[in-house]
Structure formats: C-alpha cells, structure tokens
Amino acid sequence: MKIRQPLPPLNSLKAFEATARLKSMALAAKELHVTPSAVSQQIKQLEHHLGQRVITQSRSGIVLTAYGRAALPKLSQAFDLLAGSFHHPRDPLLVRISVLPSFARFWLNPRLPAFFRQHPTIRLDIDSSPKLIDFTFDDLDLAIRYGKGNYQTALCDSLMKEAHQAVCTPRQFPAWAPLVESGDFARLPLIGDRGMLGGDDQDVTWREWFHAKAPESTLPDYRITYTDSGLSIDAALAHQGMLLGRLVLLDPLLKEQKLVALDPLTLRSELGYFLLGPSLAGLSEGAQKFRQWLLQEAAAYQTQHHTQSPGFSDR
C-alpha cells in the first residue's frame, strides 16, 4: 500500500495557486471569497510548511520565486483535475432558473411564447421557489428575486421597480368604490399580503395607502391574509375583498379587466425585481440569451409604464 507524503494545508495551496495564476492577492481573494489578508496568511502558512519562499512582492506586483514557478503548473493541473472529477458537462441550451411563483405565473409565463419564437432550441427548467439562492451549491444558472437589490451575487441586474394600487373585481367595484371615495373605510374587506407587512425589505402596506388617502383614517381589519402574492391575487379574483396589489403582477389582469382599480392612488415601492447569477462570464449560451431577452422585456415594460399618472406617489 502506497503511503502518501504529508500534504500542505489545502487552503494554503489554493491561496498560492490563485495568487500566482492571477498575479494578484486581491483577485485571488475575490475568487476564493476571502479577504486579501487571509490569502496572505495562507501563503505564509504554506511557506512555513515548505520551508521555502514561493512568492515575493515588489513594486511591480507579485513575483514568484524559482520554487514557486516550478510548483505552479503542476499545482494548477492538480486543481483542474480535482474540479473535473466532480464536473458533469451541462447542456448549454438548458437554462435552470429559480423564479418566485407569483412572478412566474403572472409576468414571466405570458411572455415566454415570444422567447421561444426567438430561441426555439433553448429549453427552460423553472424552479418556482422563494428560497435563498447559493449558486455555489444550487444547480441553477439564474434566479429572479424581489427585494432592494442588496444580494451577495456576482451578477445582479435590476429588472423593474414595483408599484401598488388598490384593486377589486368589476363585480365588486360598484359597491366598494363609493366607500373609498367617501372615506367609509371601516366597511371595506381587505386582503392582506403578509410578505408586505414586515421584514428587512418591507413593502408598501395598506396602512400607508390609507394614510395617503386620509391621514386620520383607521386601518380596517383584514378579512384574510396570505404569505404568497399569487394567492392574494386569486382571492381578489374570487371576489373575497380588495387587494393592494403589485402592478407588475397585475398588469395582464388589469389589461383584461379581470381586476379594476378602485382608486387612482398608486404608491411606488422601494423594492423591485432582480435577475441574479453567479457571474456574467460563467453563463452558458442559453442563459446569456435568456438574460438578454429578459432585460429587453423588462425595459419594454418600464418604457410602457413610464408615464406617471397624477395618482402616482412615492413613499
């Protein structure tokens, strides 16, 4: 049985290889998701283990010693072999995307026929999940999320900002519109979206809407609340109450007049939709084409809805 020689610490080898390959501790730190000082400490640990200097620094930057230059090619090859041991070639035309269920249902799905007409060879695998994304471990190319945009991902494209308006079905409008107009809010049956009621990325709430309408008004009780915006829209479509809905999601329903605005007042949100990814350079052919198409669709939507009506208000 072959006995292997003791290896230097793996993290110190990774720090040296990345620094030597990129010729920069700062770039190595970014690749390894650590600080430059941590990279420096790891290299010092390697040198202590080897009893040899592998890197020196000069005004011109990183300089490899003869020992470091001799080790680098084999070390890089070894890391490539390690990476290849667990790498399974992916279909460049299959795009795996995580999308919020409500966004997929009301905004993305109605537009996908246009995407497939432009790109008939690309296939999409859509994971309709709101879970947090870690592209290091999740088998995904892209993700679409709703928030302020403070995501710790290499790729973060802003798609659209959101705005909110009070809506109901045309059947309920004759009964509820006069109550809104007269300020008789206590008799209004409200649908609540619990995802809008709190958290670090708090969205526009009914309390803000009623305060904008009548600062001295009292917030009516919620008839029903949901944690999913799609279900709250379903409740409004089922005549269960009036909804302070997200206009990006409500766009097709308002155009088809399945829902109508109860009042012109519209509140702009600080939140919006973002396209996330591990890095632009690392995207497959299919993912790059989907990203380009999505950015174009989002820009078209923004242009179409850019004109502000008198009812628009910032929070």
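Reply: Contact here means heavy atoms within 4.5 Å. The model is a predicted one, and in it Leu108 touches Val99, Phe103, Ile126, Phe290, Trp293 and Leu294, with residues up to four places away in sequence left out of the count. Leu108 is also one of the residues that touch the most other members of the largest nonpolar core, a set of 43 residues in which Phe103, Leu142, Met160, Phe290 and Leu294 share that standing. Helix H11, spanning residues 285-304, supplies the largest share of this core, with 6 residues. Apart from this core lies another, of 19 residues, which includes Leu190, Leu244, Val260 and Leu262.

Leu244 leads on to strand E9, where Met242, Leu244 and Arg246 point one way while Leu243 and Gly245 point the other way, and all of them are buried. Because 5 of the 5 residues of E9, residues 242-246, are buried, the strand is largely enclosed by the rest of the structure.

The pairing of E9 involves two further strands. Strand E6, residues 155-168, runs antiparallel to E9 and is joined to it by 4 bridges, with Gln165 standing opposite Gly245. Strand E7, residues 190-193, pairs with E9 in the parallel sense over 2 bridges, and here Ile191 has Leu243 of E9 as its bridge partner.

How values were computed:
Residues numbered from 1 in each chain as written. Predicted model: local features only at pLDDT ≥ 70, side-chain atom pairs only at ≥ 80, totals over all residues. Heavy atoms only, no water. Buried < 20%, exposed > 50% of the residue type's maximum accessible area, 1.4 Å probe, protein only. Pairing = 2+ DSSP bridges. Core = buried A, V, L, I, M, F, W, Y, C linked by side-chain atoms within 4.5 Å.
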